[in-house]
Amino acid sequence: MPKQAGKKLAKMTEEERLLYMQQKLLEEEEMQKKKEDMLSQFLKDKLSKEEHNTRLNTLKLNEKWRTVMREAKATDLRKDIEILSQTFERIVDRKDSVIRALTKDLEEAEEQYATAMRNHIQNVDKLVDLQRSRLVLLENEFETELESLKEEFDVEREQMIAQHEHEMTNLEDIMYAMDQIFGEVSNDARQEFNSTREDLKNKSLEEKHSLRVYLEGLVEDLWMQFQLALKNYIDATEDRKMAFETLKSRDEKSAKEIEMQMKKLQRMQDTIAALKIKIAANSRKCEAENKKLRDEKDAIKQHFLMQKSQMNYLRAQEHERLVKLTLESTAAIKVLKSVCAKGEHILKMAEMCRKLETEEEKVLPFYASSLTPDEEKRVQTLMIKKPCEALAEVMLNYMALEHFWKRYNKVLLDQMVLEQEKHALLQENMNLRQLLKQYLDGISVNEEILSNLNPLIVINNKTNVKMNIPVIESVASKPVYNVIEAAHIIDHTV
């Protein structure tokens, strides 16, 4: 065939050769179009089959995946419930043991405090009784000494009063005798003065005329001298008299004081001797008592220090336990507050979700059970039976949450389905965007599109995209790549 075509081309002219080449190119283009139409029809059929199989497999996979997810979620929830129940039991047991230990420690501390308080009260009562007995003895001794001092004071007072009366009578007698003596002396002096005056008067009368002029001056001088001498005598005698009286009174007072001091000294010596004897006896007695009291004091002090150290140790332990209890109680309160806040948040969210429920969810809030009737009967019989394990008994307390977990699982499954649908829709949107971009690139011509790979640009029966066109005979042996034109998608979808 190529040889005959070569012979024909050799016989043809240039124009015929061009016409022949153009005809051959048109035939090749028609053949290429037929092949492309056949390939596109084959790909369309295969695409429809693949879409149908994909939808069917997607439904099957979703159903299977839902069952697998339910089973996995149920097992996870059972494990979580078991773990939570075990942790809850362990925490409750720990709290009970801590509370029992604390109550026991408190009871022991109260008993120890009560015993220590009783011993302390007994010791204080003994000390009070001992002090009272000492006070009674000291009071008796003070009363006896007071009585003796009162008696001595009364005796001395009577003696002093009698001595005072006796000395007063002596002084009165002395004063009366001195008055008598001074009266007689003054009378004698007055009589002598009168007699001398009379004599001098007589002499003066006799010698008056003769000696009047001479004697007037002399008398005046003598009178003045006499007055001065009298005044001097009176002054001298007055000072001596006053000194004598003061000295006499001082002498009497000194004598009295000496006598009193001697008596007091004698009495004080007697009392000192008696007190020395009493002090010696009391010192011997008090030394024994003081030694006994010191021993008792040391023993009480030692016991007190021991009790104090023990009390401080117990107080420190109780303080540590109290701090630990407060910390644990604070932590428990915080956890309970967080649980309450979480519960309130859940209730608020439930109220909000209830407003957003559809009519179907309001009518059928729980999904249908995936168990068979035999399995449901078995579950009912197991629920009727009394549990033999502690964990199963605890699980009975959480049976009220069964509907909650059903609704939670339903919502979770709906959420997962919506996420899968969202992911599929995003992927489809991306594919559609890619196809739309390919279509727009195919219908428009610019430098950017020409520089990139474009299967619609054919130059000299060649495209700048390497396309692997499968042969119909080798479809089953080679991998098939589904290639869909953007124009076909736009025509059938938009």
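**View 1. Helix α3 (residues 208-355) supplies the largest share of the nonpolar patch, 5 residues.** The model is predicted; local features need pLDDT of at least 70, side-chain atom pairs count only at pLDDT 80 or more, and totals for chains, interfaces and linings use all residues. Residues are numbered from 1 along each chain as its sequence is written, and side-chain values use heavy atoms, without hydrogens and water. Phe 193, Trp 223, Phe 226, Leu 230, Tyr 233 and Ile 234 make this surface patch of about 630 Å². Trp 223 sits in helix α3. Patch residues have over 30% relative accessible area and no salt bridge; nonpolar side chains (Val, Leu, Ile, Met, Phe, Trp, Tyr) are joined within 5 Å, like charges within 9 Å. A salt bridge puts a side-chain nitrogen of Lys or Arg within 4 Å of a carboxyl oxygen of Asp or Glu. Areas follow the Shrake-Rupley method with a 1.4 Å probe; for residues, only the protein chains shown count as cover.

**View 2. Asp 105 lies in helix α2 (residues 14-206).** Asp 105 is buried, because its relative accessible area is 15% (buried is under 20%, exposed over 50%, partly exposed in between; 1.4 Å probe, protein chains only). Leaving out residues up to four places away in sequence, Asp 105 touches Glu 318 and Arg 321 (contact: heavy atoms within 4.5 Å).

**View 3. The protein has 9 helices and 2 strands.** From the N terminus, the order is α-α-α-α-α-α-α-α-β-β-α. Helices (H or I, at least four residues) and strands (E, at least two) are DSSP runs, numbered from the N terminus. Of 494 residues, 5% count as buried.
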